[in-house]
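Here is a short note to read beside the model. Keep the sequence and the 3D view open, and check each point as you go.

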Amino acid sequence: MKKIFLLFFIAGFFSAYAQKKTTAATYKVEEKSVSETLKFLSSDALKGRLAGSRGLETAAQYLEDVFEKNGVKPYFISYKDTLTNFDKPTYNVVGYLEGTDPKLKKEFVVFGAHYDHIGTEKNPVATDSIYNGANDDASGVTTVAELVNYFGKTKSNKRSIMFCFFSAEEAGLLGSQSLAAKLKAQNFNLYAMLNFEMVGVAMKRDILAYLTGYGMTTMGEKINEYAGKKLVGYLDVEMKYQLFRRSDNFSFYNEFKKPAQTICTFDFENFAYYHKVEDDFEHMDTKHMTSFIQQMIPVTDKMVNAPAGDIVMKK
């Protein structure tokens, strides 16, 4: 009788545990967490996060702490990946979460955003001389940090994940170029790369965001399939401004010729402060950002757990 009771107790315990287990469907992104990260990264104290500056180093330490508290390991010896192509010491911040599937874990999904910006202005605008870079690209970095929080908690990824915070994007994609070349030389097995750029303000359109290089791969179609609705699409501004080539996704496409694209909600109509000192926290829509990230959780979860060959280049 005691054995039967014990068996029922154990079964009930694991049943309750299974019910409480966090999934993409039950996970809640907190606006407070989004706001705290975004506000810190775009604060005046970081002096515009110029590559090679003390402010950027402070931001890097903050991002290392995000990795550490979520049990995300360094991909290299440390989280700091020193750039090989920049004239001052600066580094990408790179974390790694091994996949759970014996076969799929050999493939990597890379989630990235650049954490540098353009520093300070010699001629202040209405006493403001700091390019805080809240939208560009503290918003993207905050998104990736929230993905770290989710996957660090759930460890639900069959594929391995590399989380990248790139330096020197504003100097010509130098951080991602340095890292992508290094990984290519190591025979890194890239499945797909998704980059987040300027997602701090909502568009007034029938899609949440646009995806650069939309017609080149199946990624856009799969994102919409994973979301269960039309979440992303194509905008003409991409071709007008050659946006596929102007963010860190391009470095990975250039090296690997695999799906590597950027998701963005800045459409050149909804935000007047691109590369201006007014790009600060007060102009960010944290409710939109929280909703955006919440909708990206199940999408990215399905991306890292999808069958082999789900996201591919189109011929």
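Where does serine 78 lie? Serine 78 sits in the loop between strand E1 (73–74) and E2. Helices (H or I, at least four residues) and strands (E, at least two) are DSSP runs, numbered from the N terminus.

1. Ground rules. This is a predicted model, in which local features need pLDDT of at least 70, side-chain atom pairs count only at pLDDT 80 or more, and totals for chains, interfaces and linings use all residues. Residues are numbered from 1 along each chain as its sequence is written, and side-chain values use heavy atoms, with hydrogens and water left out.

2. Serine 78. Serine 78 counts as partly exposed because its relative accessibility is 33%. The scale is this: buried means under 20% relative accessible area, exposed over 50%, and partly exposed in between (1.4 Å probe, protein chains only). Glutamate 64 is 14 residues from serine 78 in sequence and 9.5 Å from it in space, C-alpha to C-alpha.

3. Helix H3. H3 covers residues 54–69. Its 16 residues should span 22 Å at 1.5 Å a residue, and the end C-alpha atoms are 23 Å apart, which agrees. The expected span is 1.5 Å times one less than the number of residues. Gly55, Leu56, Ala59, Ala60, Leu63, Glu64, Val66 and Phe67 of H3 are buried. These buried residues pack against helix H2 (31–41), strand E2 (80–82), strand E3 (91–97), helix H4 (134–154) and strand E7 (160–166). Contact here means heavy atoms within 4.5 Å. Just after H3, glycine 71 takes a positive phi of about 70°.

4. Helix H2. Val34, Ser35, Thr37, Leu38 and Leu41 are buried in H2. The buried residues of H2 pack against H3, H4 and helix H9 (286–305).

5. Helix H4. H4 has 21 residues. It reaches 28 Å from first C-alpha to last, close to the 30 Å expected at 1.5 Å a residue. H4 is mostly covered, with 20 of its 21 residues buried. Aspartate 137 lies in H4. Please look at the peptide bond from aspartate 136 to aspartate 137: it is cis, with omega near -5°. Just after H4, lysine 155 has a positive phi of about 50°.

6. H3 against H4. Two packed helices are described by the angle between their axes and the distance between the axes. The axes of H3 and H4 come within 9 Å and cross at roughly 20°. H3 is therefore roughly parallel to H4. Axes are lines fitted to C-alpha atoms, for helices over the stretch in contact, and angles run from 0 to 180 degrees between N-to-C directions. Angles under 35 degrees count as roughly parallel, over 145 as roughly antiparallel, 65 to 115 as roughly perpendicular and the rest as oblique. Leu63, Val66, Phe67 and Lys69 in H3 meet Val141, Ala145, Val148 and Asn149 in H4.

7. H5 against H8. Helix H5 (residues 174–185) and helix H8 (residues 249–256) have axes that come within 8 Å and cross at roughly 30°. H5 is therefore roughly parallel to H8. Ser176, Gln177, Leu179, Ala180, Ala181, Leu183 and Lys184 of H5 make the contact with Ser251, Phe252, Glu255 and Phe256 of H8.

8. H6 against H9. Helix H6 (residues 219–227) packs on H9 at an angle of about 115°, with the axes 9 Å apart. Met219, Ile223, Tyr226 and Ala227 of H6 and Val299, Lys302 and Met303 of H9 make the contact.

9. Valine 109. Buried or exposed? Valine 109 is buried, with a relative accessible area of 0%. It is placed in strand E4 (residues 108–114). Leaving out residues up to four places away in sequence, valine 109 touches Arg159, Ser160, Ile161, Met162, Tyr191, Ala192, Met303 and Val304.

10. Two positive phi values to check. Alanine 168 has phi near 55°, a positive value in a residue other than glycine. It lies in the loop between E7 and H5, and counts as buried at 0% relative accessibility. Glutamine 242 is not a glycine either, yet its phi is positive, about 50°. Glutamine 242 is in the loop between helix H7 (237–241) and H8, and counts as partly exposed at 38% relative accessibility.
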